[in-house]
Amino acid sequence: MNSNEIDIHRELKKYFGFSQFKGLQERVIKSILNKENTFVIMPTGGGKSLCYQLPALVQEGTAIVVSPLIALMKNQVDAIRSLSSDNGVAHVLNSSLTKTEISQVKKDISAGITKLLYVAPESLTKEEYVTFLQSVPLSFVAIDEAHCISEWGHDFRPEYRNLKHIIKQLGDVPVIGLTATATPKVQEDILKNLDMVDATTYKASFNRPNLYYEVRTKTKNIESDIIRFIKLHKGKSGIIYCLSRKKVEAIAEVLQVNGISAVPYHAGLDAKTRAKHQDMFLMEDVDVVVATIAFGMGIDKPDVRFVIHHDIPKSLESYYQETGRAGRDGGEGHCLAYYSYKDVEKLEKFLSGKPVAEQEIGFALLQEVVAYAETSMSRRKFLLHYFGEEFDNETGEGGDMDDNVRNPKVKVEAKKEVVK
Ligand code: ADP
Ligand code: MG
């Protein structure tokens, strides 16, 4: 079967209930159905899962989907099962399964029922599984969150490095890599480490035209500055990111004292409190959540109106991800970062305790954050350039949506060079 024989619009409607593809989905799906190695770079929320789920569902054989998080895999499997009359259509293969469950999975795959098999990279190293997978028809291997393969990404996982060898053992199957990390360095790493430099690359734009970017110099008055900002956005939902748990607690308290409904969120709180605070934010019982980076994975609140960084993030990827939680509905999203050289030093100190290779990467990433904070050019242009995308802020969508373009000013400057 090839892409010409399948009516993918009909399949889209049938399985997912959507009448249109989003962005590059259609081209990606055709590429996969043509058995090409395919590399997909789309921002979070861009609809990457469907890019491999649909071709898996309409083809012969089983697609292997490598994903780093067990919780994420379970969600996807449940979602796929709800689209089909047979629960065997999607399975997870991991160490938590009983012997009986494993033989059911194998049975369904052998019978051609299973279209999607989700595996963690470490499970794929099990020889027993590899031997089994060699004996059944496979449609393709998809590597989700492919940036995990790169030390330059924000979530390096050494297990991802073995994938290349395992895929080789599976025979001549197309490989699909997917990621939301758009830096050229990470992309290069992915293509090299997955042995797919011949892949056709589909990269969506990372421009978020409705987000307004602003950097303010961090001063002693930061707390009153934040309070003033929030009061100007009265009743709107927002997230404030802080580096430390202590700071999270302190800021949440200051806001509360000043009549702003806010809750803290960080990994030091027990699971119940964290869940409660997250729900309060989602249900709009509170306006503001003050959080460490522990908050946000999978948060899909469409009307977050501002994201404030009390402390600068450790990389521009993190910044893009965190600010990306604002304005998901296309409405206003104000991204405000406070910048001081002291914070840069603090992050450098963190890094100096790490292994040398990690330190070097960490410093280089931080350097880019500093450059972003200090630039006097269009912030959107700067961010998109970092992601390998040329943007003309005279003509591009959202070109005037940042402080530098709106009010050109003397640039914010750090007090000394970043130590390398
Ligand atoms: P990503 O993995 O790129 O972050 P997801 O695959 O999780 O994104 O998809 C994000 C959201 O977009 C999901 O809620 C999904 O149902 C939705 N979506 C995907 N494709 C379409 C489409 N063609 N039309 C409408 N919604 C879509
Ligand atoms: Mg995804």
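Let me start with helix α5, residues 99–110, which in this predicted model has twelve residues and reaches 16 Å from its first C-alpha to its last, close to the 16 Å expected at 1.5 Å a residue. Just after α5, the backbone at Gly-112 takes a positive phi of about 80°.

From there I would like to turn to strand β5, residues 138–143, which is mostly covered, with six of its six residues buried. On one hand, strand β2, residues 62–66, pairs with β5 in the parallel sense over five bridges, and if you want to find that pairing on the screen, look for Thr-62, whose bridge partner in β5 is Leu-138. On the other hand, β5 is also joined to strand β6, residues 175–179, by three bridges, and these two strands run parallel as well. Here the pair to look for is Val-141 with its bridge partner in β6, Val-175. Between β5 and β6 the chain passes through helix α7, residues 163–169, and this β-α-β crossover is right-handed.

Finally, the ligand. Which residues are the closest to ligand 1? Of the 13 residues that surround ligand 1, the closest are Phe-18, Gly-46, Gly-47, Lys-48 and Ser-49. If we ask which helix gives the most to this shell, that is α3, residues 48–58, with three residues.

Technical notes
Residues are numbered from 1 along each chain as its sequence is written. Chains are lettered from A and ligands numbered from 1 in the order in which they are written. This is a predicted model: local features need pLDDT of at least 70, side-chain atom pairs count only at pLDDT 80 or more; totals for chains, interfaces and linings use all residues. A residue is buried if 20 or more other C-beta atoms lie within 10 Å of its own, exposed if 12 or fewer, and partly exposed in between; C-beta atoms are placed from the backbone. Helices (H or I, at least four residues) and strands (E, at least two) are DSSP runs, numbered from the N terminus. Two strands pair if DSSP finds at least two bridges between them. A crossover is right-handed if, with the strands pointing away from the viewer, the path from the first strand over the helix to the second runs clockwise. The expected span of a helix is 1.5 Å times one less than its number of residues. A residue is near a molecule or strand if its C-beta atom, placed from the backbone, lies within 6 Å of it.
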